[in-house]
Amino acid sequence: MEIFDYLILGAGPAGLTFANLLREKMPEASFLVLEKETQAGGLCRSADVDGSPLDIAGGHFLDVRRPEVNRFLFGFMPEEEWNLFERDSRIDMGTYETGHPFEANIWQMPQEEQVKYLKSIALAGCNLGTPRPEKFVEWVTWKLGDRIAKAYMLPYNAKMFGADLEALGTYWLDKLPDVSFEETLLSCLNRRPYGTQFYYPKKYGYGELWRRMGESLGDRILYRKKAAGLDPETKTVTCEDGSRFRASCIVTTIPWKSVQRYENCRPDIPEKIGRLRSTGTEIRYVPKHLDTKAHWIYVPDPEISYHRILVRHNFCIGSKGYWVETNLDRVTGSHEGIAFRNETTYPLNTVDKPGIMADILSYMEQRQIYGLGRWGEHQHYNSDAVVERAMRLFERIALQRA
Ligand SMILES: Cc1cc2nc3c(=O)[nH]c(=O)nc-3n(C[C@H](O)[C@H](O)[C@H](O)COP(=O)(O)OP(=O)(O)OC[C@H]3O[C@@H](n4cnc5c(N)ncnc54)[C@H](O)[C@@H]3O)c2cc1C
């Protein structure tokens, strides 16, 4: 069995970034990427549907707020190949639509509604100085007041996370926009939206960027190689087809649970891995025109199965139709048409997760096995955050070992 310097599990944004940094900056290092699918890109892949690209695990947009990351990514797909958009995301409240995030767009409502919402926020726990709750469902009312909680945040998140909503903690909420009460008041007085920008490729889907990153690795990616066993003591990976690979260092970006067998491993580690939770999402294409300028629309109504509509023709110029995103547990019956089923899309931030992950990562790191990215760290990271995490891990382990 050939022994590599690095074995990288998974060719999503995290694995692709780490592998390309090795290729660019350490040409003498031997490495191999193992990927279970036939294509690179992970959750960021796109497919051609009805003549235009569709992001098969849900709408993906490149954030503008990490310039170092964007410079690196533009090395694979130059900035001229991207359109820059001013984000227009909305919430469908049934009888009216408002901008997202809700608390920054109250100014769009009739004045008497604004007063009711502002009063409710003023009475929220965070503005009255009561202690911050540890469970997400209680935190929502504490942070945003009972009106936004009941009208949008709780029904929307119940659709996204299903029964798991009750199990979520609050330590991950830096992911959500943090709009203070003062900023909410100012937006009502100034009648000004809260905007941010994003990139989407001009001619392709988001997946094209990652496809090119995979291509640049040539035969150093093996496709259809599903890691099924891991021996942390010998750093050996066994794939479903029986092939085995060994390395001095392993970077794993795949869900810890997707490995069925942990051999020679402290017994509490597989047990802890078994307690990690995640949800899945179905992406369904609808070949109809939606008359709106929004890029995407959040749908909190519990009677409607999907939670988000992606209005493709507003960010993928020249395309038709739209797609909807639904938690797999809410998908019922058989539907006609084109759909993509993704089993693991959102790592769940349950109350016990930080302790579980700290134990797994420290045990593995002592054996030069590093968890990286959305699944390796079991964190709700976006792709730009994952690329940044890969850059920092590369500096910490690869450059230091050289
Ligand atoms: C609905 C949705 C919308 C999103 N929107 C955005 C957005 O607008 N902007 C943004 O930047 N990010 C967005 N994200 C987040 C983005 O998808 C992730 O940050 C990114 O894909 C994480 O990259 P990763 O490499 O860590 O994981 P992944 O992309 O999941 O890659 C993991 C790879 O491992 C492979 N793998 C899994 N198991 C095995 C195995 N046993 N053996 C071998 N290979 C295996 C998978 O096939 C995959 O290729 C969104 C995510 C979702 C679900």
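Analyst: A polar contact is a pair of N or O atoms within 3.5 Å; within protein, one must be able to donate a hydrogen and the other to accept it, and residues adjacent in sequence count only if both atoms are side-chain atoms. This is a predicted model, where local features need pLDDT of at least 70 and side-chain atom pairs pLDDT 80 or more, while totals for chains, interfaces and linings use all residues. Residues are numbered from 1 along each chain, and side-chain values use heavy atoms, without hydrogens or water.

User: Which residues are closest to the ligand?

Analyst: Glu-35, His-60, Phe-61, Tyr-381 and Ser-383 are the closest. In total, 36 residues surround the ligand (a heavy atom within 4 Å).

User: Why is the pair Arg-277 and Asp-164 called a salt bridge?

Analyst: The rule asks for a side-chain nitrogen of Lys or Arg within 4 Å of a carboxyl oxygen of Asp or Glu. The side chains of Arg-277 and Asp-164 meet at 2.2 Å, N to O, so the pair passes. Across the interface of domain 1 and domain 2, the rule finds one salt bridge. The polar-contact rule finds 10 residue pairs there, both residues at pLDDT 80 or more.

User: Where do the two domains run, and what is the area buried between them?

Analyst: By an automatic or database assignment, domain 1 covers 3-87 + 201-401 and domain 2 covers 101-195. Their C-alpha centres lie 29 Å apart. 25 residues of domain 1 contact 18 residues of domain 2 (heavy atoms within 4.5 Å). The buried area (accessible area lost on being put together, 1.4 Å probe, summed over both) is about 1,900 Å². Carbon and sulfur atoms give 60% of it. Pro-300, Asn-349 and His-380 supply 28% of the area that domain 1 buries against domain 2, more than any other three residues.
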